[in-house]
Amino acid sequence: MASSKSQGAYGFDPSGLERAAKAAKELDSSPNSKNAFELSLKQEEVKKTEMEARIKELDIQRVAIDHQERRKTLEKEVEMSKQKSLFDDKLAKERYQQQLEDHARMQEMNRRRDEESIAKQEQMRRQTLEYEHQLRVEADKKRILSREQAKIERLRSTKDLRYEEIKLKEDERRRTLKEVWTTNMEVVGTGLKGYLGNFSNLASLAGGLTLAFFGFQFAKAAGRLSTSIIEARLGKPSLVRETSRKTSVTELLKSPFVKIYEQTLVKGRFMPTTTTQREKDILEGIFINPDLEVNLKTLAHSIVNRKKHYAPFRNLLLYGPPGTGKTMFAKSLAKHSGMDFAILTGGDIGPLGKDGVTELHRLFDWASTSKKGVLLFMDEADAFLRKRTTEKISEDMRNSLNALLYRTGSASYNFMLVLASNTPDQLDRAIHDRVDEIVKFDRPEEKQRLQMLYHYLLQYCSPSSSIRKKLINVIRDPRTLVFKRTEIGMKGVDDEFIEKIAKRIDGFSGREIYKLVIAWHDAAFNKQNAILTPELMEAVLENHIDQHKQREEWNKTIIT
Ligand SMILES: Nc1ncnc2c1ncn2[C@@H]1O[C@H](COP(=O)(O)OP(=O)(O)OP(=O)(O)O)[C@@H](O)[C@H]1O
Ligand SMILES: [Mg+2]
């Protein structure tokens, strides 16, 4: 009770200690206590040894773990260093690649810069050349313009009709020829009478003259043969339709006679040799508006005199409505420029297919060997040189066009390209770029229409008045000596009537006027007396005006 009281007062029970002390006393007084103590000591020692063994074991485990940890760390380090070296390697490679690319880029930049500077230099050189040429052309133009203006003024003050000129010239020529002929006949006749009285004299004279003539011609032909034999080796390219260049031995042998026939009898004189004469003749028989005439004369002048200027050839583009004289001018320019000329047609290239490229190269190779230079005239150029991008042109055509562009990329001293087209806007851009001079041909104005009417009427609808014209007819058609030739005559057709017609055919092209005159000729020919009267002309004209209107209508519908 007391203990429970004291526990209740302090919260601690001292009876436990008392019991322990009592138990210890009892144990101390027990005989086994010593043994028990020793036993417990031994137990303690065993426990201690176990504990030490355990500690050692733990130590070993710790060492093993440490070792494992270190190995893992080492492996990780190896792995990391491997990764690092791979990464470094990759970086080095990328850096090297980058350096290579930088180097290549640098080289490309340098190359481009070099090219640009060369192109700039080339452009400057061309500009200088062109500028010099322009200056010369301007000077020539001014000179020709003032000369032409003076001429036009002079013509205006008198009666400005080519017809009058031609008629006067023809009369003059006939009179002179007649006089010369009569005088010669009188002088020579008396001398010859005695000599030719004897037949053997006559025969030997004829033989001698023939031999001299042939001897002269063969000497000329032989000379030409030797210089042209090398050219003949090359052969005429199949694309060339017509050329002045002799390429076969037969042609070379034939040429002196053909030339004599063409130049002496057909043209009535030898080919002009002076440049001014050549320039004048270029527009002979071509009637064009005054502005264009001055333009063309300037152009012809610069081409004919090119050698004096040491200038490269310039490429031309002639464009305008059909039948306005483009082909006529180009042919005449070619013939009078002192160069060889070759005429080809754009439409001939398409059907060649794959062979187009080879044939074009042959053509340019052939042109490049000409000493005089070749004027390559491509008629109907739009049939071949159409845009590569927008048009659906075949692969072969595109290749042919590329071949042509390649061969005409730089200014040439061997050939000039003259293109004629009705639709120049259809041509490839690169072709536009290669053209140095663009010339527009328009339909004839009233004055030119009048000149054409007179020109073609004189040619087709009036009887041959001059001896030369008669001779030409005989040479062209020797049968006329035996079977009489029907010549058309005109009755009641005066200047006033023709002037009225010239007004009415406004809008006609040169070709339409030419066809009109041919139609008059045919209409008269079908009459028994072969006479062309104003009534007959009127009837044919009405018909042709209707046809012209119809053509215009069709053209309108094609455009819209
Ligand atoms: N200005 C002209 N002066 C004299 N005749 C001309 C003229 N223009 C055309 N002609 C006559 O018309 C014909 C055809 O002319 P040309 O072949 O030169 O025309 P083009 O302009 O080339 O036509 P296309 O564009 O159809 O090829 C000539 O042979 C000629 O008789
Ligand atoms: Mg033509």
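**View 1. Y514 and its ring partner Y456 in the predicted model.** At 30% relative accessibility, Y514 counts as partly exposed. Y456, at 10%, counts as buried. The two rings form an edge-to-face pair, with 5.0 Å from centre to centre and 70° between the planes. Y456 belongs to helix α14 and Y514 to helix α17 (residues 510-525), so the pair ties together parts that lie 58 residues apart in sequence. Look for Y460 here as well: ring pairs link Y456, Y460 and Y514 into a cluster.

**View 2. The tilted pair of F329 and F441.** F329 sits in helix α10 (residues 326-336), while F441 is found in the loop between β6 (437-440) and α14 (446-461). This pair links distant parts of the chain, 112 residues apart. Both of these residues, F329 and F441, are buried. The count of aromatic pairs comes to 5.

**View 3. The largest cavity.** A search of the whole structure finds 2 cavities of 30 Å³ or more, and the largest holds about 60 Å³ of space. Its lining includes H133, S302, R306, F313 and M416. Helices α8 (290-304) and α9 (306-309) each supply at least two of the lining residues. By class, the lining has 5 nonpolar, 3 polar and 2 charged residues.

**View 4. The second largest cavity.** About 50 Å³ of space lies inside this one. Among the residues that line it are N315, L404, T408, L419 and R434. Two or more lining residues come from each of β5 (415-421) and α13 (429-434). The lining divides into 6 nonpolar, 2 polar and 1 charged residues.

Conventions:
Residues numbered from 1 in each chain as written. Chains lettered and ligands numbered in written order. Predicted model: local features only at pLDDT ≥ 70, side-chain atom pairs only at ≥ 80, totals over all residues. Heavy atoms only, no water. 1 Å grid on protein atoms, 1.4 Å probe; cavity = no way out; pocket = protein on both sides within 12 Å on 5 of 7 lines; lining within 4 Å. Points joined across faces, edges and corners; volume = space filled by probe spheres on them. Helix = DSSP H or I, 4+ residues; strand = E, 2+ residues; numbered from the N terminus. Nonpolar A, V, L, I, M, F, W, Y, C, P; charged D, E, K, R; others polar. Phe/Tyr/Trp six-rings, centres within 6.5 Å; stacked < 30°, edge-to-face > 60°. Buried < 20%, exposed > 50% of the residue type's maximum accessible area, 1.4 Å probe, protein only.
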